[in-house]
Amino acid sequence: MLLTFFDVSGRKFLSHSITGSLELTELLMVVVIFAALPLVSLKGEHVVFDSLDAFLPAWVRKIQQALIHIVAAALLIGLAYLMWKTGGEFAITGETTAQLKITKAPFIQGMGLLCGLTGLVHLVKAFLPIDENASEGGTV
């Protein structure tokens with residue numbers, strides 16, 4: 001936030017922005033978002049549409065939750081594989097950011113690792129008993 005504040009302030013008042021601020025902001029956002037993903041999944045803090053849950057029997061909700069976690073796990077593990085592979089390709093070609101020449105491969109492979117970890121969290125949650133008193137998802 002400070003980087004963006006100083007970059008915008010510099011552009012507004014000094015007619016000069018911080019070199020590479022957009023790149024740094026993008027990379028820092030990647031780190032924050034993907035680092036939080038496994039924790040959000042572990043705590044069940046995703047946004048959830050649960051309007052019909054009151055009408056579904058408990059056994060249907062258990063099956064539904066298990067299927068959702070299995071599908072989420074499969075998608076995240078598949079995404080992790082693709083990101084890891086892309087990061088490897090970027091490492092071989094030496095892909096960097098445009099202005100600051102920061103190597104992209106570690107960030108992409110880190111994203112892959114964190115997606116894989118999140119997929120494992122969902123896989124484990126698919127086979128855990130559901131706590132009826134816990135609320136899955138955030139509240140509005």
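A crossing of two helices is called left-handed if the near helix is turned anticlockwise from the far one by less than a right angle, and right-handed if clockwise. With that in hand, here are some notes on the model.

1. First, the ground rules. This is a predicted model, in which local features need pLDDT of at least 70 and side-chain atom pairs count only at pLDDT 80 or more, while totals for chains, interfaces and linings use all residues. Residues are numbered from 1 along each chain as its sequence is written, and side-chain values use heavy atoms, with hydrogens and water left out.

2. Let us start with H3 and H4. H3 passes H4 in a left-handed crossing. The contact of H3 with H4 is made up of 20 nonpolar residues, ten polar and one charged. Here Ala, Val, Leu, Ile, Met, Phe, Trp, Tyr, Cys and Pro count as nonpolar, Asp, Glu, Lys and Arg as charged, and the others, Gly among them, as polar. Helix H3 covers residues 58–93 and helix H4 residues 105–126; their axes come within 7 Å and cross at roughly 160°. Axes are lines fitted to C-alpha atoms, for helices over the stretch in contact, and angles run from 0 to 180 degrees between N-to-C directions. Helices are DSSP runs (H or I, at least four residues), numbered from the N terminus.

3. Most residues other than glycine have a negative phi. Ser-15 is exposed, at a relative accessible area of 68% (exposed means over 50%, buried under 20% and partly exposed in between, with a 1.4 Å probe and protein chains only).

4. Lys-101 sits in the loop between H3 and H4 and is exposed, at 55% relative accessibility.

5. How many salt bridges does a search of the whole structure find? The search gives two, taking a salt bridge as a side-chain nitrogen of Lys or Arg within 4 Å of a carboxyl oxygen of Asp or Glu. In one, Asp-7 meets Arg-11 at 2.7 Å, N to O. Both residues belong to helix H1, four residues apart, about one turn of the helix. Asp-7 is buried at 7% relative accessibility, whereas Arg-11 is partly exposed at 46%.

6. Glu-95 forms a salt bridge with Lys-104, and their closest N and O atoms are 3.8 Å apart. Glu-95 is partly exposed, with a relative accessible area of 30%, and Lys-104 is partly exposed at 26%.

7. Leaving out residues up to four places away in sequence, Ser-41 touches His-46, Thr-118, Val-121, His-122 and Lys-125 (contact means heavy atoms within 4.5 Å). Ser-41 and Gly-20 are 21 residues apart in sequence, with 32 Å between their C-alpha atoms.

8. Last, the start of the chain. Met-1 lies in the segment before H1 and is exposed, with a relative accessible area of 90%. Between the C-alpha atoms of Met-1 and Arg-61, 60 residues apart along the chain, the separation is 41 Å.

Conventions
Helix = DSSP H or I, 4+ residues; strand = E, 2+ residues; numbered from the N terminus.
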